[in-house]
Structure formats: structure tokens, C-alpha cells
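Look at the sequence and the model before reading on.

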Amino acid sequence: MEGSTGRVAKKKVAVVGGGLVGALNACFFAKRGFDVEVFETREDIRLAKIVKGRSINLALSHRGRQALKHVGIEEKIVSKGIPMHARMIHSLTGKQSPIPYGKKGQYILSVDRANLNKVLLTVFCVSHYGVFLRSDGSKKQTTADLIVGCDGAFSATRKQFLRQTRFNYSQTYIPHGYMELTMLPINGEFAMRPNYLHIWPRNTFMMIALPNLDKTFTCTLFMPFDEFEKITTGDQVIEFFQKYFPDTIPLIGVDTLKRDYFRLPAQAMVSVKCSPYHIGDKCVLMGDAAHAVVPFYGQGMNAGFEDCNVFDEIMDQFSEDLSAVLPEYSRVRVPDDHAIADLAMYNYVEMRAHVNSRWFLFRKYLDNLLHFLMPKTIIPLYTMVTFTRTRYHEAVAHWHWQNKVIHRGLLLSTTGAVLGGSYLLIKNPPNVNKLIIPAEKVWNRLMALRTS
């Protein structure tokens, strides 16, 4: 389409939602020279006042960093993030045990959500002279060549897709909720070591803590709703924490615990799947609007940012022909987003229960050893998801394959060891009197293995 001057008119894009994915999308499209408007009903976050100790931090990994790098702000965000090199597991006794995320030098970043959103919107509005529209009660009609729905898990854009035939949609609420608590600095310093994601795994529930730049920790308690509902008084809060998280009481403080626990009710968590992500060449869904996930793999924001990257790569592939780009985007992205949604569900069980298991720790060390020996063949699942851009569904398929290989290898090794040991015992029978072990010791060892 040409204007009166004979120049090709810019295509107009309307981005619905000024959150993280919407703001990043706006930057991607503006960088391509599109005429972009962002529509947001909430207050402009650039003007909002952030209360100290009320930060919401997210985990930024390789996928997200690659998207931020594309619009030139990776280093700016990384400089404001706190590296977390490992999970720090807190036992009931207060013992702390680190479990590294990957090889030396690999880490995820704890980044402030509000600051990241502000930076993205500022880059869009200032660098690309974009238009950011906030609802003030008035209405505005607009037309666009493309509508990009980035308006979250309860997307108004996606509701329009439900009118279409052959559009698949499902949502699942898990029976667990979450509650955020604040751990303030002690004597001006972090109350715990800051370069870790702290986890208190308690099998059916858990608490985690992420460090913030103001030296607070944002603690999040994940627990079944019926357990939350059993706690109705401040004294019951302290009794509960004394039983399950005793080392956190002096760090958070009794009064703060009692206040924060009842500040807001436990919040629900929903997982959303749908397909396809597009309608013709006019509308497409990204981020939580397309694939809201529970937060246990730390990939919600990163998957949303990668949506922007993948869409941009497909735009290059098809020379910005939206009639070809949108269906290809759905074809490529749906299986990956469904895979990370399932992985996020699985990782909740790993974080609250499996990390307490000796078998889990053994497999973690074995996987890392095999990865060191065969780096292109055996790759830990977490490494593929967090430190590479391996497609999510391909990472899951490779994980299942290598689990089969490793389990068969362990079975063969164990069988070989038993047969070899049996042969040696037959050829060289030992002195039986020296091998007698009291029955009580045998029983105790069996019980220890069973409960580990």
C-alpha cells in the first residue's frame, strides 16, 4: 500500500497489553519500522510507586536474555539482576545444602519485574516514538493490520478466539495457592546468602525466596488451599512456621510474619493451553494469553520473551508476509509452549519433594558427570531448558530418551556387578563367621534406605 507521496505506508500493529511480553513485542515491531500502538487498562507502571519490600522478582534465563539482547537492553537488565548459581535447600534442622543449576559459571538472574517492565516501555516510547495508551474511562476505535494479544492469562483478546471454530482451549487450576512474604535486611545486609534460590521443600508444600536489589528477599509459600485455610490466627502462623520453617522466624520476624500472612489471601495458579495462536493474518496471541504456566520452572516470562524472538525469526523467514507468518508461528510454537506448561507442573513435585531424595541427588551428580564426559549426547533437562534455546518439546523428548539409556545402563551395571560378585564368592568363599551382622543392624540399614 502506498501513500500520497508514493512511499510504502508502514503497517500498523496494535499490541493489547503493556506488560512484559506486550512491551517487548512493541519494541520488536517498532524496530522493524512498524507503526505500533500499545493498549493497557492498568496504570502506567512507569508512574507507579514501588513500595520497598514489595518487589516481585522473576528468574531471567538464556531464552529471555536473547530476546532482550535483540532490542539492545540485555546488559542494562543484567546489571540490575542478582545471579543465582544454585538452589539452596533448607532442611527442617536448618541445614543448608546447595544444588548447582549447571556447570561453573552458569546461573539464572533474579530481576525486578516492575523495573524490567519500566525499561521496556521506556525503550519503546522514547527510542521508537511509540504510542502508549492507558484507559482513562474513554473509548477509542482503531484499525490495525495486526492485533497482538499479550493481555495475560485472562486475555480479552483470546475470548474472541473462542468464537472461532476449531479453536482448542483448556485451563487448569492446581489445588495449591501461593502467598508472598517479605524478609527484610538485617543490619543493612541480606538476611541470607543472596546468590541462591532458597528452597524449603516439605513434600506436599514448600517455600522459596528470591533476592532483591534492596537487600530484601521475596519469600513465596506454595501450599494446598485447605492448608492455608486451617491457619486463622497469628499464633497459628507462628506455630506452623515453628514446625516447618523454624530457621526463617528470626529472619522474617514474628510481627512481620503475623502481618504479612493475613495481608492478602492465598492466590490461585492457573495453567492455560490453546491452539492455534492466530486468526488468519490479522490476530495472534503471545505470552500468558497463549500459554499461561504455573511458576515452578521459572520459564513463564522467558517463554513469553522467546515468543517474540521466534515470531521475529519467522518474519525474516517469510519476508514479513503475515498470511504466511502467523500460521507458521502457531505450527512452531504450540508444541513448545504446551511442553513447558507440562514441565512446570512436573517441576513443582521436584522442588517440593524430589530434592529431598538421595536418588534425585545421585541422578543429578550422575547426569552432570555424563554431561561432562559426553556433552553433546547427555544433557541435563534443566540445562537444555534454562541455558540453551533447544525447543521445549525437543528437550522433553531428549530427556525421556536419555533417561531410558541411563536407567538401562545402571541396570546392566548392577546386574554385571551382582553376577561378578557372585562368581568371585563361589570361587573364593569367605569366612562366614566374619560376615555375620547382627539382625538389628541389618534392619536399621534397610529402614534407612527405605526412608531416604
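The structure contains zero disulfides, a disulfide being a pair of cysteine sulfur atoms within 2.5 Å. The model is predicted, so local features need pLDDT of at least 70 and side-chain atom pairs pLDDT 80 or more, while totals for chains, interfaces and linings use all residues. Residues are numbered from 1 along each chain as its sequence is written, and side-chain values use heavy atoms, without hydrogens and water.

| Cys-283 | Cys-150 | 9.7 Å |

Cys-283 is buried, at 10% relative accessible area, and Cys-308 is buried at 2%. Buried means under 20% relative accessible area, exposed over 50% and partly exposed in between, with a 1.4 Å probe and protein chains only.

The sheet is open and mixed, with seven strands in the order S6-S5-S11-S12-S13-S10-S14. Strands (E, at least two residues) and helices (H or I, at least four) are DSSP runs numbered from the N terminus, and two strands pair if DSSP finds at least two bridges between them. S6 (96–100) and S14 (267–275) are the edge strands; each has a single partner, so one side of each lacks a neighbour in the sheet. On average, neighbouring strands are turned by 30° against each other, direction ignored. Axes are lines fitted to C-alpha atoms, for helices over the stretch in contact, and angles between N-to-C directions run from 0 to 180 degrees.

S10 (residues 168–183) and S14 run antiparallel and are joined by eight bridges. Ser-170 stands opposite Lys-273 in S14. Helix H12 (residues 322–352) packs on the sheet and touches strands including S5 (86–90) and S14, where contact means heavy atoms within 4.5 Å. The direction of H12 makes about 150° with that of S14.
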